[in-house]
Amino acid sequence: MGFGGISVWQLLIVLLIVVLLFGTKKFRNIGGDLGNAVKGFKKAMKDDEEPKKIEKEDAGFEENKEAGSEDAAKTEAQKSAEK
């Protein structure tokens with residue numbers, strides 16, 4: 001006896017009919033897709049376990065300090081001229 005009252009011979013006959021209907025190429029494609037799905041799942045699970053490192057990047061404001069202070073000085077001069 002096989003699985004749930006189905007013998008091994010019956011399973012082989014069903015498998016043979018399915019292979020004849022769909023061909024082996026479909027089975028290779030299905031196997032490849034299933035393998036990629038399992039790999040993706042494992043990678044996602046591994047990524048969740050590792051703490052993510054966030055690096056703060058400099059926005060580059062230091063390079064423009066002089067230009068920013070000049071603009072601020074111009075703005076202040078304009079405000080005082082308006083008064």
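Trainee: What is the mean pLDDT of the protein, and what share of its residues reach 70 or more?

Mentor: pLDDT is the predictor's confidence in each residue, from 0 to 100. In this predicted model the mean is 75, and 54% of the residues reach 70 or more. Local features here need pLDDT of at least 70, and side-chain atom pairs count only at 80 or more, while totals for chains, interfaces and linings use all residues. Residues are numbered from 1 along each chain as its sequence is written, and side-chain values use heavy atoms, with hydrogens and water left out.

Trainee: How many helices and strands does the protein have?

Mentor: Helices (H or I, at least four residues) and strands (E, at least two) are DSSP runs, numbered from the N terminus. This protein has three helices and zero strands.

Trainee: Is leucine 21 buried or exposed?

Mentor: Buried means under 20% relative accessible area, exposed over 50%, and partly exposed in between (1.4 Å probe, protein chains only). Leucine 21 lies in helix α1, and its relative accessible area is 65%, so leucine 21 is exposed. Of the 83 residues of the protein, 1% count as buried.

Trainee: Which residues make the nonpolar surface patch?

Mentor: Patches join residues with over 30% relative accessible area and no salt bridge: like charges within 9 Å, nonpolar side chains (Val, Leu, Ile, Met, Phe, Trp, Tyr) within 5 Å. A salt bridge is a side-chain nitrogen of Lys or Arg within 4 Å of a carboxyl oxygen of Asp or Glu. Here Ile13, Ile17, Leu21, Phe22, Phe27 and Ile30 make a patch of about 640 Å². Its largest share, four residues, comes from α1.

Methods
Areas by Shrake-Rupley, 256 points an atom, 1.4 Å probe, with all protein chains shown as cover.
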